Each structure stands twice: as structure tokens, then as C-alpha cells.
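Hi there,

Here is the structure I promised to pass on. My notes on it follow below, so please have a look when you get a moment.

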Amino acid sequence: MSQLRRMTIFVSLLSIISGSTVFFRIVEGWSWLDAYFFTIVTISTVGYGSLVPVTTAGKLATTFLIFGGLGVFALAIHEFAKIQLLKRQEHNEWLFARLGRNDEGEEEQVANMDDQPHSLSQDRLPASPQKPDSGE
């Protein structure tokens with residue numbers, strides 16, 4: 001089901017981008033690149049303002065593009081983020097399984113003697129250095 005959802009979102013996004021590009025090419029008379037650029041800038045909410053529709057049909061279509069395109073674009077970003085988070089979670093689980101876990105009875109290993117484990121009692125910690133006498 002998840003694969004079908006992703007494919008539907010992807011196809012919807014491509015349909016909105018291609019349909020809007022063709023629409024603005026025909027109605028506004030922009031080049032293919034300008035029509036595509038305006039579509040992407042609009043649905044991604046960047047809004048440079050370098051291209052502005054001047055026809056009534058173009059203005060109305062832009063409002064529909066903002067609402068519909070932004071919704072589908074947000075869903076696509078959400079799905080992409082969810083996939084990335086799942087990959088990260090799977091990697092972390094693999095990593096934790098590979099590294100293993102310390103038993104509570106094992107003593108914590110330290111890199112050097114200056115880095116004492118947190119579980120040591122205060123009487124086993126080295127004394128802190130004394131401040132030099134200021135001569136008062």
C-alpha cells in the first residue's frame with residue numbers, strides 16, 4: 001500500500017508540473033523554460049517574482065496551482081523525509097546490533113586514565129588541583 005501511495009504522489013506531482021508548464025506556455029505565452037520555472041517556483045513557495053501572470057486565466061490558474069500544487073509538493077517532501085528516516089533507523093538498528101551492548105556488570109572502558117567513568121565513587125576520583133595561594 002505504501003508503494004502505491006508513493007507512486008500516486010509522484011505521478012500527481014509530475015502531472016501538476018507538466019500540466020501547469022503547458023498551461024502557462026499556452027496562456028501566458030512564456031517559453032517552456034519560463035513556464036516550467038514559474039511552476040516550480042510557485043509550488044515550492046520560493047516565489048522570486050520575476051515572472052507574473054498577466055492574463056485573468058493565468059492568475060486564476062496560479063491560485064489553483066498554489067493550493068493544489070503546494071499540497072502535493074508537501075506530500076512528496078513528507079514521503080521523501082519518511083523514507084530517509086526509515087533508512088536511518090534501519091542503519092542505526094543494524095549498527096547497534098553490530099556493536100553490541102555492555103552488560104551492567106562490566107566496568108566501563110576509558111581511553112586514558114584522565115577520563116574516569118561516571119560510575120566511580122568520589123573517594124576513587126583524583127583530587128582536584130589546588131589553586132595557587134594569592135598571598136593575601
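Met7 sits in helix 1, which covers residues 2–27; helices are DSSP runs of H or I with at least four residues, numbered from the N terminus. Met7 counts as partly exposed because its relative accessibility is 45% (buried is under 20% relative accessible area, exposed over 50%, partly exposed in between, with a 1.4 Å probe and protein chains only).

Before you go further: this is a predicted model, where local features need pLDDT of at least 70, side-chain atom pairs count only at pLDDT 80 or more, and totals for chains, interfaces and linings use all residues. Residues are numbered from 1 along each chain as its sequence is written, and side-chain values use heavy atoms, with hydrogens and water left out.

Now for the helix pair. The axes of helix 1 and helix 2 (residues 32–43) come within 8 Å and cross at roughly 130 degrees; axes are lines fitted to C-alpha atoms, for helices over the stretch in contact, with angles from 0 to 180 degrees between N-to-C directions. The two helices are therefore oblique to each other (under 35 degrees is roughly parallel, over 145 roughly antiparallel, 65 to 115 roughly perpendicular, and the rest oblique).

The loop between helix 2 and helix 3 (56–99) holds Val52, and Thr45 is found in that loop too. Val52 counts as exposed at 52% relative accessibility, as does Thr45 at 54%. Thr45 has a positive phi, near 65 degrees, though not a glycine.

Best wishes
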